[in-house]
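Here is a note for a colleague who is opening this entry for the first time. Please keep the structure in view while reading.

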Amino acid sequence: MNAPSTLSADNILEFQQARLGYPQRAILERVDFSIPRSSFTVLSGENGSGKTTLLKTIGGLLPLLAGTMASKSTRRGYVPQFDNMDASFPVTAMEMVGMGAAAAFPWWRTIFGGRRQTCREYLRQCQADRFAGQMFSQLSGGQRQRVLLARALAAQPDFLLLDEPTAGVDLETQKILIRLLGHLRRDSGMTVIAIVHHPEIFEGIATHHARVADGAVCMEPWQNGRAS
Amino acid sequence: MKILEIFSPNFLFANALCASLLMGLCVPLIGRHLVFGRSILLGLALPQISLAGVAFVFWGAAMGWGWCHGLQTEFSRALAGSLLFALPTLAALALTILQRGELTESWLAMAFLAAMSFTQLLLSHNGVGETYIEDLFHGRLLLIDDAAFRVFAAILPSAALAALAFRKRFLLVLTGRDFAAVCGIHLPAWHLALALLNGLVIGLCVAIVGPLVTFGYLVLPVVGAARLATSVRTHAVWSSGFGVLMGLAGFLASYHWDLPLGAAVVAAGCAGVGIIQTVRYGLGFLQPSIKNSLSIKL
């Protein structure tokens, strides 16, 4: 599936004549697009159009049904839309990030991986360090989202996938998240792809807009200060 | 004083007491995988499936089957049967979870019922196996001999250490499967490792002390500790502490009032969870400041 040799140097990911979905039912029939390295791509489309299917395929959660997907990404990070953790799981925000940091290490180093200082730094980046010691289950939706983003960053990805990072989040957290994602892309050169329902809130940060509709993906640069 | 006799080195039931405490210390660390991985029903079904394995090997021995008959002691037959069913079942379930996302409760209920009926059918004409399994049903703690205790003492602490050492990776693949997969963690390998670790401990415990005590130690300390813990780290300490206290309280109650040990240990655990819940519920009515000052942080 991943074939870096066939990939243009400017791109981190390319789909060619790809068919995505589930073995019983394809959701996207003709996917031909590429994601430039260090870009910020917002992915929009109507409910059920296949945005999450596309993101899950990029993340390796769903197999490709046909065609090719070539990638030069060495490590991906993921911020899910929902966390389906047991409410009694007493994990703190700090420990949550520690688990993400441990994901960046080989298995034999996970015993000591995820040092507290490093984890606190990721939480600070996401402006979540003040609730580092609080239990994840007791945080608000916006606070959880910041912790989940810190966890994804702790895995040291070069390609970050976000599934509706601003859904159900208050306005203040939305602004923090958007500003943070903009900084990340500029400072670290990380490639970001995010599913969003309102692309316009990423004005000034997004570089590309991918619209998913009618079983296909239409990729275009961000134009004239708005999603074209 | 009669109660203090249990701490004497020559105490007749020293193996039972030490096994209770050892299980209390180690088994909850495995139980966390079931409770936090939302597989608590698996923790109920699996001991029963292990028990079906025990019944199967006793039946095979009675029928004169080569390798079943070759196992000389009841303990070795029970251990072989328990592990024979527990390990492959857990591995198969782990792979099913990976493929389908989760196990439905109906499948677990069916596995529980199938194992239960299978056990009883196999025992219907097997007196030796029936006696052994009846002991297991009542919690066979008191009958632990030196050989069984040595196996316990070798395997349980090792499994608990493995669970602690790899807790970040284990808990990540159980509670954040999608994130772990996207990060490139090999989920089938980790789920298989978890299945082997859990299966080894559950299979061993069922063969030696029976399904009731095993399930009690797997779940009750984890549930009780979850109401006290402020982090995953403190939860490990609380759950092992709860397990040890549960074992000790059950043993003392059993010794003092001449109660069946297995049931006494599990009842002590249930009472412990009930007390913690009641105290927390009561604290909910008090001032938040009092509640905060009483919360314990390690």
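The points below take up the chains, their contact and one residue.

1. Ground rules. This is a predicted model, in which local features need pLDDT of at least 70 and side-chain atom pairs count only at pLDDT 80 or more, while totals for chains, interfaces and linings use all residues. Residues are numbered from 1 along each chain as its sequence is written, chains are lettered from A and ligands numbered from 1 in the order in which they are written, and side-chain values use heavy atoms, with hydrogens and water left out.

2. Chain B, elements. Chain B has 14 helices and 0 strands. Helices (H or I, at least four residues) and strands (E, at least two) are DSSP runs, numbered from the N terminus. The radius of gyration of chain B is 20 Å, close to the 19 Å of the globule rule for 298 residues, so chain B is as compact as a globular protein of that length. The radius is taken over C-alpha atoms, and the rule is 2.2 Å times the number of residues to the power 0.38.

3. Chain B, burial. Of its 298 residues, 51% are buried. Buried means under 20% relative accessible area, exposed over 50%, and partly exposed in between (1.4 Å probe, protein chains only).

4. Chain A, elements. Chain A has 5 helices and 9 strands. From the N terminus they run β-β-β-α-β-β-α-α-α-β-α-β-β-β. Its radius of gyration is 17 Å, close to the 17 Å that the globule rule gives for 228 residues, so chain A is as compact as a globular protein of that length.

5. Chain A, burial. Buried residues make up 55% of the 228 in chain A. Its C-alpha atoms fill a box of roughly 45 × 40 × 35 Å along the principal axes.

6. The contact. Chain B gives 25 residues and chain A gives 36; contact means heavy atoms within 4.5 Å. The two chains bury about 2500 Å² between them, 64% of it on carbon and sulfur atoms. In chain B, K168(B), F179(B) and V182(B) lose the most area to chain A, together 27% of what that side buries. Buried area is the accessible area (1.4 Å probe) lost when two parts are put together, summed over both.

7. One residue. A189(B) sits in helix 10 (residues 187–209) of chain B. It is partly exposed, with a relative accessible area of 38%. A189(B) and G224(B) are 35 residues apart in sequence and 31 Å apart in space, C-alpha to C-alpha.
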